[in-house]
Amino acid sequence: MRPSPLGEGAHLGNIAVVHDLPLPHMKAADRRRAILERVLTGVDANVERLVSELGVSEATVRRDLTALAREGRIVRTYGGAAALMPVGSHEPEAPLEERKALQRDQKEAIARMAASFVRDGDAVLLDSGTTAAALARLLAAREDLHVYTTNLLAVTALAGLPKIRVTLIGGDVRPSSMGTFGPLAQLALSRISVDKAFLGADGVVAGVGLCEATAEQAYLKECIIRQAADIFVLVDSTKLGRARQQHWTPLERAWTLVTDSEAAPAQLEPFHALKQVQVIIAP
């Protein structure tokens, strides 16, 4: 049996630990392996406990957690880390009416901040979801906008206004989000380009991307990203570091995260660590 890189004679949760190498002098790779094993085996992996058991500073533990999150091996949580959900598992989507009521004030604040980035004359794309619908309502007084959207709630808010042109990206309709998706939507997106795209998500994980309930949703967001000059991800703080679905849209270019003021520093830290991400907090 190969000995643990931590040495022989002690245990880190369910992980064997050795004494012939002082913990503070472990190599980063070995230390991160120990943290990863702890997370994957379901052992509590909060920062305070890891500092105590590894014998290193809080800053070192946070750097290790950020590195593992960037590699897509764990998800940062408030005060620690958790395992990504196993392939094939997922959390059921909440009904649309329930999602409308969740984090309502935070979503409105995020929408107001997002609206400040829209200029008269822009071509913008609004994703499906309740936060993008809130943004649509705030754009009603703008002039000379061309709004493309997969969001039927946004169409309801904007259709018929004389100074706003609305283009619905057609396709199949998901009743749970009142958004369009599928091959027709993908084809339509390939024929347009926009100045700014505003995306929602079930969750967003730094260094990994946007988490979605279906492969079709995840791929549609990827299509949107390809056609937009600037990308804005609008998510409330409960969705930061959240990986409760099994389909992903990678974010491999510059983008802006807009979230609410209830986001904790530990939730934001992995995003601040990425050079391609600008973090905006909505008051």
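A residue counts as buried when its relative accessible area is under 20%, as exposed when over 50%, and as partly exposed in between (1.4 Å probe, protein chains only). This is a predicted model, in which local features need pLDDT of at least 70 and side-chain atom pairs count only at pLDDT 80 or more, while totals for chains, interfaces and linings use all residues. Residues are numbered from 1 along each chain as its sequence is written, and side-chain values use heavy atoms, with hydrogens and water left out. The chain has 10 helices and 16 strands, taken as DSSP runs (helices H or I, at least four residues; strands E, at least two) and numbered from the N terminus.

**Strand S10 and its partners**
- Five of the six residues of strand S10 (residues 194–199) are buried, so this strand is largely enclosed by the rest of the structure.
- Strand S5 (residues 123–126) pairs with S10 in the parallel sense over three bridges, where pairing requires that DSSP finds at least two bridges between the strands.
- S10 also pairs in the parallel sense with strand S13 (residues 228–234), over five bridges.
- Phenylalanine 198 is the bridge partner of leucine 126, and phenylalanine 232 in S13 is the bridge partner of phenylalanine 198.

**Salt bridges**
- The whole structure holds 12 salt bridges, each a side-chain nitrogen of Lys or Arg within 4 Å of a carboxyl oxygen of Asp or Glu.
- Glutamate 269 and arginine 62 form one of them (3.7 Å, N to O); glutamate 269 lies in helix H10 and arginine 62 in helix H3, so the pair ties together parts that are 207 residues apart in sequence.
- Lysine 221 forms a salt bridge with aspartate 127 (2.2 Å, N to O), and both residues are buried.
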